[in-house]
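Colleague: I have a model open and some time to go through it. Can you walk me through the fold?

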Amino acid sequence: MTVTLRPWMLDDAGLLVDMMSRVDFSYEDEALRCKEVWQARCALKEMLQKEDSNGDFYRAVLLDGEVVGHVQSARMSGFSCYEGQVGCMLVGSATGRGVGTEAVRQMVEMAFARRNYDRLTAIVYSPNVASQRMVEKVGFTLEAKLQAGVWKSGYFYDAYIYGLLREDSGIQYRLMFNV
């Protein structure tokens, strides 16, 4: 089993629609789901623009060469320019196999090594125990719980805020060109 990350391309619109059709959106924002190729092209254009202007990273998660998910690190708006937020979504067949853990681990390494972040944040809804375990395995620690912090599908869920500091990750920032 080989997990790799690769940049999304505009030509991936069909792959993004297919991937999102196989993702359980129970703990994701349904407004993010691309159901049509034109929606996916718009989303990919926005991702690519943010990657160029903000230094965000948006990557397709590949399992043995097949797109099975999406992982990202993006600057947190309204916060320090040295803080990013990490997120991951996977198709059902890729869950429970360590794919998400490896994808997030690679994204954390990329974000700390290639962007001047001092910390990364991950926000996980309380019933999403698998994602809680995943970020903890990567090294994130639970920093806060927002009681009834999220309204999703007719329910209030607690939102768990996880953090990882660069100094705790052991990853050094490397000035890179042509990234």
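**Sheet, helices and core**

Modeller: Seven strands make an open sheet with mixed pairing, in the order β1-β2-β3-β4-β5-β7-β6. Strands pair here if DSSP finds at least two bridges between them. Helices (H or I, at least four residues) and strands (E, at least two) are DSSP runs, numbered from the N terminus.

Colleague: Which are the edge strands?

Modeller: β1 (3-7) and β6 (141-152), each pairing on one side only. Neighbouring strands in this sheet are turned by 30° against each other on average, ignoring direction.

Colleague: Before we go on, where do the values come from?

Modeller: This is a predicted model, where local features need pLDDT of at least 70, side-chain atom pairs count only at pLDDT 80 or more, and totals for chains, interfaces and linings use all residues. Residues are numbered from 1 along each chain as its sequence is written, and side-chain values use heavy atoms, leaving out hydrogens and water.

Colleague: In what sense do β4 and β5 pair?

Modeller: Parallel, over three bridges, between β4 (residues 83-90) and β5 (residues 119-125). Q85 stands opposite T121 in β5.

Colleague: What does α3 touch on the sheet?

Modeller: Helix α3 (residues 99-114) packs on it, touching β1, β2, β3, β4, β5 and β7 (155-165). Contact means heavy atoms within 4.5 Å. The direction of α3 makes about 145° with that of β2. Axes are lines fitted to C-alpha atoms, for helices over the stretch in contact, and angles run from 0 to 180 degrees between N-to-C directions.

Colleague: Now α1 and α2. At what angle do their axes cross?

Modeller: Roughly 105°, and the axes of α1 (residues 13-21) and α2 come within 8 Å. The two are therefore roughly perpendicular to each other (65 to 115 degrees; under 35 is roughly parallel, over 145 roughly antiparallel, the rest oblique).

Colleague: Which residues meet there?

Modeller: A13, G14, L16 and V17 in α1 meet V37, A40, R41, L44 and M47 in α2.

Colleague: And the core: which residues have the most contacts inside it?

Modeller: W8, L16, M19, V61, V108 and F140, in the largest nonpolar core, which has 50 residues. α3 gives the most to this core, with nine residues. Such a core is a set of buried Ala, Val, Leu, Ile, Met, Phe, Trp, Tyr and Cys residues joined through side-chain atoms within 4.5 Å. Buried means under 20% relative accessible area, exposed over 50%, partly exposed in between (1.4 Å probe, protein chains only).

Colleague: Last one. Why does E46 count as partly exposed?

Modeller: Because E46 has 42% relative accessibility. E46 lies in helix α2.
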